[in-house]
Amino acid sequence: MAQSSSKSKWVSLFMLLCARLATAIVIEDGPLPNGDFETPPSNGFPSGAIAEGPILIPSWRSNGTVELVEAGQKQGGMILIIPQGRHAVRLGNDAEISQGLKVEKGSIYSVSFSAARTCAQLESLNVSVPPASLTIDLQTLYNVQGWDPYAYAFEAEEEDVSLIFRNPGMEDDPTCGPIIDDIAIKKLFTPDRPKDNAVMNGNLEEGPWMFRNTSLGVLLPSNLDEEISSLPGWNVESNRAIRYIDSDHFTVPEGKRAIELISGKEGIISQMVETTANKPYTLTFSLGQAGDKCKQPLAVMAFAGDQAQNIHYTPDSNSTFQSANINFTAKAERTRIAFYSIYYNTRSDDMSSLCGPVVDDVRVWFSGSSGNGLGGLSLGLSFAFWLFVFSMV
Ligand SMILES: [Ca+2]
Ligand SMILES: [Ca+2]
């Protein structure tokens, strides 16, 4: 008996070890190996404008005209933009780079990366973890620095996947093409829905990886075709992006993360929440400013079921946000809530970086006949109190 128990102990210890080994090789949250392209190739960084022959980029596979570009490098009189550090890659016509990743099958991951366009007007970038793929239009510059961080989410269908960045363009000038830098990954978890709130991830705390040294937030492009989002629970259902912001670089109403609606009516974020038909509900949320010198007025259009209301940001002087609410009656088992910015705002200091109102702490709760949840609670408490008094007499 004692022998078999010690044997099973060894077996379980062995299995634990195997499990540890298996999890140890799964990719961890954070920058990808050589995700910043600062690791020198075995024969050094190419000197001069264009390297002859294919270059080997550590940790990456490349196909087509892939170039390691350096800070200060010029093209057609313009200095190339390097989002981070001294090096980045540029993808020529139909060129791609890829990296194999060990992931947890069935989990959802978000990839953050920075991208800039170079000379062509209609540059775009395709990001994929086959079979899922997303093409990002780089024509819109969201800020004056000339590059933007983006997030892309995928569900791991296998344990071994390939992350591919490809330039789908066919420009006349083959050296035109997007620049990519600063690639990181994060495994997303699905936050529990609180009992008194029908909104998942309503405080927006779970989202894509953010670089500490990047003060531009992360853009969330449309995920209408993918149905998987870098912001669990939420969908960006418009062509233009919204911005995920952090409290290290922006003013955030609650916690460490929130969203900034930077694309006017073309940047819509939504969620389907569970409701009971014909019952009264209240949608509440925090409406604020990001502390990024955004030129006012700021306002959102908020939707809850068949209700739509435009709400202007009019805070008192001590606060950077205000609370807003909309009452509605649910018409079905699921109700759509959504937000967009009424205005197209830009920063007052550079007049061209896009900005807008901040939304955070979104709640939908059953408001009952007493008007609000607290009213019902105090009614219950006073009833319990009188019951107690009567039982004493
Ligand atoms: Ca870099
Ligand atoms: Ca938050």
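Which residue in strand 12 is the bridge partner of Asn126? It is Arg166, and the setting of that pair is described below. The model is predicted: local features need pLDDT of at least 70, side-chain atom pairs count only at pLDDT 80 or more, and totals for chains, interfaces and linings use all residues. Residues are numbered from 1 along each chain as its sequence is written, while chains are lettered from A and ligands numbered from 1 in the order in which they are written.

The protein has two helices and 26 strands; these elements are DSSP runs numbered from the N terminus, helices being H or I with at least four residues and strands E with at least two. Buried residues account for 39% of the 393 residues. A residue is called buried if 20 or more other C-beta atoms lie within 10 Å of its own, exposed if 12 or fewer do, and partly exposed in between, with C-beta atoms placed from the backbone. Two residues are in contact if their C-beta atoms, placed from the backbone, lie within 7 Å. Among contacts between residues at least 6 apart in sequence, 75% join residues at least 24 apart.

One open sheet contains five strands in the order 2-7-12-9-10, with antiparallel pairing. Strands pair if DSSP finds at least two bridges between them. Strand 2 (61-63) and strand 10 (132-137) are the edges; each has a single partner strand, so one side of each lacks a neighbour in the sheet. From one strand to the next, the twist averages 20°, where axes are lines fitted to C-alpha atoms, for helices over the stretch in contact, and angles run from 0 to 180 degrees between N-to-C directions.

The loop between strand 9 and strand 10 holds Pro131, and the peptide bond joining Pro130 and Pro131 is cis, with omega about 10°. Ser59 is in the loop between strand 1 (30-31) and strand 2. Although Ser59 is not a glycine, its phi is positive, about 75°. Ser59 counts as partly exposed because it has 13 C-beta neighbours inside 10 Å.

A second open sheet of five strands has the order 15-18-23-20-21, again with antiparallel pairing. Its edges are strand 15 (235-236) and strand 21 (307-312), each with a single partner strand, so one side of each has no neighbour in the sheet. Strand 18 (residues 269-274) pairs with strand 23 (residues 334-341) in the antiparallel sense over six bridges, and Met272 stands opposite Arg336 in strand 23. Pro297 is in the loop between strand 19 (280-288) and strand 20 (299-304). The peptide bond from Gln296 to Pro297 is cis, with omega near 15°.

Strand 8 (residues 108-116) and strand 11 pair in the antiparallel sense over eight bridges, with Ser114 opposite Pro149 in strand 11. Seven of the eight residues in strand 11 (residues 148-155) are buried.

In soluble globular proteins, nonpolar side chains tend to be buried together. A nonpolar core is defined as a set of buried Ala, Val, Leu, Ile, Met, Phe, Trp, Tyr and Cys residues joined through C-beta atoms within 7 Å. The largest such core has 90 residues, and Val89, Val111, Ala115, Ala151, Leu220, Ile259 and Val359 touch the most other members. Strand 13 (residues 179-188) gives the most to this core, six residues. The core draws at least three residues from each of domain 1 (25-188) and domain 2 (192-393), the bounds coming from an automatic or database domain assignment. Not counting residues up to four places away in sequence, Val89 touches several residues, among them Phe37, Ile57, Ile179 and Ile180.

Two loop residues remain. Pro253 lies between strand 16 (242-246) and strand 17 (257-260) and counts as buried because it has 23 C-beta neighbours inside 10 Å. Beyond four places in sequence, its contacts include Ala258, Phe321 and Asp361. The C-alpha atoms of Pro253 and Asp361 are separated by 7.7 Å, although the residues are 108 apart along the chain. Met351, in the loop between strand 24 (345-346) and strand 25 (354-355), has a positive phi near 60° and is not a glycine. With 9 C-beta neighbours inside 10 Å, Met351 counts as exposed.
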